[in-house]
Amino acid sequence: MLEGSGAAAAQGARLAKVLTTLDLISLGVGSCVGTGMYVVSGLVAKEMAGPGVIVSFIIAAVASILSGVCYAEFGVRVPKTTGSAYTYSYVTVGEFVAFFIGWNLILEYLIGTAAGASALSSMFDSLANHTISRWMINSVGTLNGLGKGEESYPDLLALVIAVIVTIIVAMGVKNSVGLNNVLNVINLAVWIFIMIAGLFYIKSDNWAEGQFLPFGWPGVLKGAATCFYAFIGFDIIATTGEEAKNPNTSIPYAITASLVTCLTAYVSVSMILTLMVPYDAIDTESPLMEMFVVHGFYAAKFIVAIGSVAGLTVSLLGSLFPMPRVIYAMAGDGLLFRFLSHVSSYTETPVVACIVSGFLAALLSLLVSLRDLIEMMSIGTLLAYTLVSVCVLLLRYQPESDIDGFVKFLSEEHTKKKEGILADCEKEACSPGSEGEEFSGPPTNTCGAKNLPSLGDNEMLIGKSDKSAYNVNHPNYGTVDMTSGIEADESENIYLIKLKKLIGPRYYTMRIHLGLPGKMDRPTAATGHTVTTCVLLLFVLMFIFCSFIIFGSDYISEQSWWAVLLVVLMVLLIAVLVFVILQQPENPKKLPYMAPCLPFVPAFAMLVNIYLMLKLSTVTWIRFAVWCFVGLLIYFGYGMWNSTLEISAREEALHQSTYQRYDVDVDPFSVDDGFSFAPEGESYPAWGPSEDKSFSYQQMAGAKESHRTSGRSKSKGRHKPPSDALIANDELDYSPE
């Protein structure tokens with residue numbers, strides 16, 4: 001993976017850092033707003049929540065922001081890649097979790113593409129006054145079984161749209177930021193038009209008594225799980241790290257700003273929609289276009305159509321572009337079939353992955369109704385984001401040695417750039433002569449260079465010349481002054497400072513009583529293992545808790561004593577596990593962006609995501625289980641045995657066993673080790689024949705070490721080796737060791 005990212009960095013050196021925070025917000029909004037605004041709002045309002053869809057969107061937005069901050073930290077941990085959560089988890093957590101996240105991301109993008117094509121098809125059908133769907137039903141017929149029992153016609157137009165977009169992507173035409181911005185401006189103009197024009201047709205009777213929450217709070221929460229789909233797409237921002245001008249601040253700001261922008265758009269559109277049309281009369285296929293038709297404003301239908309073409313096109317391209325990249329990355333790592341990683345020399349795109357993914361998306365859009373597609377997409381993404389939250393929680397509490405592979409790699413890359421006289425000059429300037437010498441004042445510049453290369457943003461002044469103090473790979477680098485043991489920067493955690501001001505001097509007493517870690521505490525393998533166990537237990541417990549809250553809601557509402565006791569017990573257990581995690585020391589390494597309030601934010605993100613997943617329909621879960629089962633078959637049948645990690649491990653094991661065999665034979669006579677034979681008159685300390693006529697390799701190694709110190713001071717002349725030593729060596733060759 002390091003080699004791969006090194007090559008990618010070499011190729012990606014040409015990527016211009018041109019994306020501003022505004023560009024990133026535009027990318028995020030463009031990939032979210034399309035299907036969410038033009039389809040999901042009407043679908044959820046009619047079938048799940050009524051006007052309560054507004055609350056559903058707010059709940060889904062909170063879940064998205066919690067996952068967004070975890071996603072942003074995950075992206076910053078692996079700064080050299082412009083990949084997805086699959087790449088991040090492969091580097092930081094491991095192969096199996098990475099495969100599972102990647103497999104779910106494929107589902108997300110696959111269904112996103114199919115849903116985009118299906119939504120565009122519905123919009124064209126609505127523009128043609130439903131003549132396309134009527135013609136399809138009359139000439140082709142309907143099919144049953146893939147929907148929830150209802151009959152739907154095979155959507156040939158959606159298939160054609162999916163195929164066209166696949167060809168565009170496979171030909172290497174890229175979705176430029178300029179085009180994205182233009183389409184977003186069109187979308188924004190249409191949104192403003194809907195707001196102003198809609199005000200003339202609103203009726204407050206549609207929100208009258210009992211009309212706002214016709215399906216109650218369960219409907220609102222079920223709607224929130226589907227509304228989560230409308231916020232999918234913010235993860236595209238986290239993949240632009242290499243092209244952003246200032247990714248450390250731009251990415252977190254852009255993720256939050258794009259989610260807030262989307263929320264504003266969705267809430268305002270849902271309010272106008274449910275005030276203009278009674279919730280049970282909303283058209284689920286093209287709600288925003290048809291709501292003006294109900295009031296006889298036909299011109300508005302075509303204005304909204306322009307906006308929906310712009311919005312749906314951006315989100316369709318946004319779904320289809322990353323999918324071949326994930327498939328290509330997984331196939332390159334050997335987790336999927338290797339032929340999928342083939343890159344065309346003509347178009348310079350993973351053509352096979354494009355064609356396969358486009359074909360599957362086209363097939364889905366042909367056979368599955370839009371509502372089922374949206375629910376299916378939500379479940380895969382919710383699980384992927386839950387796993388991202390789990391990974392962030394795990395990684396922050398692991399010792400540095402377990403996760404610093406990339407740090408070492410980056411620091412090596414950095415030092416390679418410091419060539420020639422500048423590197424020598426820096427060594428002289430930054431390395432005092434003797435161990436006890438005080439290092440004060442500016443460094444002596446011996447070569448006349450005005451600006452010495454720095455060690456990076458985390459460089460700090462060193463009090464004494466302890467070489468370990470300014471080693472980039474040291475776990476405390478950039479966080480602790482090694483001479484005084486005081487943290488270099490306490491200002492990074494604003495919440496902690498506020499808490500100290502609030503509590504005052506009692507803060508330190510409380511910290512000791514609660515067993516919270518001190519400033520100088522560092523994670524060890526044992527504390528890392530404790531956190532891993534707690535997080536896994538937390539995941540399982542949250543799953544059981546949410547299942548009971550949803551499926552046992554009748555018992556809880558009736559206030560059955562055992563149900564209430566069970567809920568209280570599970571809440572207490574979750575609180576205890578979170579507190580145990582809180583007691584463990586965090587890794588001191590500072591990242592450009594870190595999720596705030598650990599472990600509460602990732603834990604709450606996990607809880608909300610699991611709850612929303614369980615609110616989805618049973619049919620969706622069955623389909624999802626089938627998808628996961630197919631994935632596990634591929635992993636255990638092919639990926640596990642053909643992955644790059646497995647192959648390299650086998651090669652290393654083979655190489656090691658070969659090396660050890662030759663090492664035993666050759667090492668005793670290695671001249672480089674300063675081997676010299678004792679004169680005939682002297683007794684040789686460790687090379688004489690042993691009483692039991694057998695030698696172990698460890699004894700030989702020990703003899704060699706002692707010989708290095710004593711043998712060189714003896715006669716340097718080369719004497720004929722005694723016959724006893726050769727006999728002993730022969731016995732070594734034939735010994736079982």
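**Stop one: a loop aspartate**

Start by selecting aspartate 155, in the loop between helix 6 (131-139) and helix 7 (156-170); helices here are DSSP runs of H or I, at least four residues, numbered from the N terminus. This is a predicted model, where local features need pLDDT of at least 70 and side-chain atom pairs count only at pLDDT 80 or more, while totals for chains, interfaces and linings use all residues. Residues are numbered from 1 along each chain as its sequence is written, and side-chain values use heavy atoms, leaving out hydrogens and water.

Is aspartate 155 buried or exposed? Buried, with a relative accessible area of 7% (buried means under 20%, with a 1.4 Å probe and protein chains only). Now show Ser118, Ser121, Met136, Ser365 and Leu366: aspartate 155 is in contact with them, leaving aside neighbours within four places in sequence (contact means heavy atoms within 4.5 Å).

**Stop two: the nonpolar core**

Next, select Phe57, Ile194, Tyr266, Leu288, Met291, Leu336 and Leu538, which touch the most other members of the 165-residue largest nonpolar core. Such a core is a set of buried Ala, Val, Leu, Ile, Met, Phe, Trp, Tyr and Cys residues joined through side-chain atoms within 4.5 Å. Colour helix 16 (residues 370-395) too: with 17 residues, helix 16 gives the most to this core.

Finish by zooming in on leucine 538. Beyond its neighbours within four places in sequence, leucine 538 is in contact with Ile574, Leu577, Val578, Ile581, Ala603 and Met606.

Technical notes: Helix = DSSP H or I, 4+ residues; strand = E, 2+ residues; numbered from the N terminus. Buried < 20%, exposed > 50% of the residue type's maximum accessible area, 1.4 Å probe, protein only.
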